[in-house]
Amino acid sequence: MPPQTDTKNQSAATMQPAGAAPVRSRYFYKILAIVYKDITAELRTKEMLSAMFVFSLLVIFIFNFTFDLRTDNAATLAPGVLWVAIAFAGMLGLGRSFIVERDRGSLEGLLLAPVDRSAIYFGKFLGNVIFISVVEVGILPLFIVFFNQPLAVVPALVGVVVLGTIGFAGVGTLFSAMVVHTRARDVLLPILLFPVVVPVLLSAVRLTAGILDALPLEDIQSWLGLLITFDVIFLAASFILFEYIVEE
Amino acid sequence: MIKVIKLVKAFGSRVVLRNIDIDIAPGDFVTLLGVNGAGKTTLMSIIATLGRPTAGTVLIGGMDTAQHAAHIRRYIGLVSHKTLLYDDLSGEQNLQFYARMYDVPDSKARINEVLHQVGLWGRQKDPVRTYSRGMQQRLAIARAILHNPPILLLDEPDTGLDQNAASMLGDLLAAVGMNRRTVLMTTHNLERGVSLGKRVLVLDKGKIVRDAAGNTVTAAELKSTYFSQQG
């Protein structure tokens with residue numbers, strides 16, 4: 001079919017393009033658009049999710065068979081194994097979050113969008129949280145089975161995993177954007193991220209251990225407070241810093 | 001429409017743009033020529049609000065890009081040598097995503113319209129990675145005009161296109177209503193630059209060294225300037 005001339009919007013040469021709505025409007029709609037785009041692209045290839053899932057599975061398998069796990073010591077090692085699996089698998093996903101955009105040349109297109117840059121951050125962050133959560137949904141049942149944990153711990157465990165994932169993905173998304181223009185970005189991301197994310201991982205491991213040991217809430221609430229505090233700090237800092245980080 | 005005032009851009013100690021002054025009127029088609037490393041892409045990037053100037057001001061429709069970047073982006077469409085598209089998504093999904101990001105009203109009809117304009121109707125459901133380079137660039141043009149921006153920035157849009165696809169670029173740009181937009185285009189193709197541009201600028205070592213009306217210069221004349229820069 002031959003190309004058609006643009007007949008609908010004859011005012012194109014003015015500063016009144018079609019759909020001129022206030023920039024701040026539909027902020028959340030644009031966050032969801034980015035999340036939807038990332039999920040659609042991932043579902044088409046499933047490259048990242050399958051890699052993350054297989055990797056986390058391998059970590060749990062290897063730890064399960066490497067250590068001499070008996071009922072009395074399983075609870076000691078289990079929290080660490082769970083969070084190593086989540087952190088390492090999450091790193092794979094975070095590493096690809098912005099690098100894929102840059103390698104495929106779509107990062108500029110995203111940055112050109114008429115939206116506050118923080119919307120791009122939150123879109124990417126939510127996408128990462130969803131991808132890591134999908135992997136967690138797959139490995140948590142295996143974790144319960146391999147480490148002989150009662151089903152009663154699942155609700156509290158899910159709560160801690162959600163809080164830990166928010167903190168990890170929150171700062172991880174920021175660092176993923178930070179290293180995207182560097183040459184050694186694949187190596188640089190874990191080197192930069194893990195020292196910063198220690199408070200989140202440490203408190204998540206302690207909380208997981210407390211839940212598996214059936215400790216009362218009072219005994220672990222300081223760790224819960226620390227985890228929530230770091231989640232808030234990391235998200236707030238990322239919200240403020242992201243615009244400067246993606247600046248050329 | 002586009003006003004660049006005393007623009008300086010430096011990366012560390014390396015100064016890429018030196019006191020650039022450009023004033024582009026609404027509806028103008030300006031071609032920016034220059035050898036590799038002259039600063040064309042850096043200048044385009046700053047006008048597109050993707051980079052910040054070290055000194056100086058860029059005004060788009062009277063608005064300072066340093067203060068109103070997010071708002072100004074609504075009025076700009078960028079076609080670069082990179083397609084800015086997602087290979088794993090279909091052509092239609094790419095346009096749907098950008099339609100959401102730009103708040104394009106009645107997006108379904110608009111997407112259909114631009115797909116027809118760039119001649120990709122019928123291939124819109126296919127993943128972009130299955131498109132030829134020429135088709136990807138046509139989709140990139142569809143993406144850039146989707147929100148009907150009054151300003152179109154074309155940064156070497158013919159890079160990577162074969163002779164046939166590159167020669168069709170002018171026709172394609174005319175079909176998408178280029179003559180009703182303010183256009184700034186960089187290219188290495190002097191003939192195309194002179195034939196399309198109402199005005200021709202030559203950038204050399206970060207400075208505008210030539211500013212002439214398109215009908216007063218020839219590609220042959222510019223070629224001598226151009227090759228002397230390269231040499």
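## A pair of strands in chain B

In strand E2(B), Ile24(B) is the bridge partner of Ile2(B). This pairing belongs to a predicted model, so keep that in mind as you look around.

E1(B) and E2(B) belong to an open sheet of 4 strands, in the order E2-E1-E4-E5 (chain B), with antiparallel pairing. At its edges are strand E2 (14-24) and strand E5 (63-64) of chain B, each of which pairs on one side only. As a general rule, strands of a sheet pair through backbone hydrogen bonds, either parallel or antiparallel.

## An enclosed strand

Strand E6 (residues 76-79) of chain B runs parallel to E7(B), and 4 bridges join them. Within this pair, Gly77(B) stands opposite Leu152(B) of E7(B). E7(B) also pairs with strand E8 (residues 182-186) of chain B, in the parallel sense and over 5 bridges. Here Ile151(B) stands opposite Thr182(B) in E8(B).

Why is strand E7 of chain B described as largely enclosed by the rest of the structure? The reason is that 5 of the 5 residues of this strand (residues 151-155) are buried. In a regular strand, side chains alternate between the two faces of the sheet. In E7(B), both faces are covered: Ile151(B), Leu153(B) and Asp155(B) are buried on one side, and Leu152(B) and Leu154(B) are buried on the other.

## A buried threonine in a loop

Let's move to a loop. Thr49(B) sits between helix H1 (40-47) and strand E4 (55-60) of chain B. Is Thr49(B) buried or exposed? Its relative accessibility is 5%, so Thr49(B) counts as buried; the cut-off for buried is under 20%.

Which residues does Thr49(B) touch, leaving aside its neighbours within four places in sequence? In chain B, Thr49(B) is in contact with Thr65(B), Ala69(B), Ile72(B) and Arg73(B), and in chain A with Arg117(A).

## Chain A, built from helices

Chain A has 8 helices and 0 strands. Of its 248 residues, 48% count as buried. Among the contacts in chain A with a separation of 6 or more, 80% are between residues 24 or more positions apart. The chain exposes about 11,400 Å², and carbon and sulfur atoms supply 70% of that area.

One helix to find is H7 (residues 185-212) of chain A. H7(A) has a kink of about 55° at Val197(A), shortly before the proline Pro199(A). After H7(A) comes Ala214(A), whose phi is positive, near 55°.

Phe61(A) is found in helix H2 (residues 47-66) of chain A. Its relative accessibility is 32%, so Phe61(A) counts as partly exposed. Together with Val54(A), Leu58(A), Ile62(A) and Phe65(A), Phe61(A) makes a nonpolar surface patch of about 500 Å².

Arg96(A) belongs to helix H3 (residues 71-103) of chain A. With a relative accessible area of 30%, Arg96(A) is also partly exposed. Leaving aside neighbours within four places in sequence, Arg96(A) is in contact with Glu47(A), Met48(A) and Arg104(A). Val137(A) is 41 residues from Arg96(A) in sequence, and their C-alpha atoms are 20 Å apart in space.

Notes: Residues are numbered from 1 along each chain as its sequence is written. Chains are lettered from A and ligands numbered from 1 in the order in which they are written. Side-chain values use heavy atoms; hydrogens and water are left out. Patches are made of residues with over 30% relative accessible area and no salt bridge: like charges are joined within 9 Å, nonpolar side chains (Val, Leu, Ile, Met, Phe, Trp, Tyr) within 5 Å. Accessible areas come from the Shrake-Rupley method with a 1.4 Å probe; for residues, only the protein chains shown count as cover. A salt bridge is a side-chain nitrogen of Lys or Arg within 4 Å of a carboxyl oxygen of Asp or Glu. Helices (H or I, at least four residues) and strands (E, at least two) are DSSP runs, numbered from the N terminus. Buried means under 20% relative accessible area, exposed over 50%, partly exposed in between (1.4 Å probe, protein chains only). Two strands pair if DSSP finds at least two bridges between them. Contact means heavy atoms within 4.5 Å. The bend at a residue is the angle between axes fitted to the seven residues ending there and the seven starting there.
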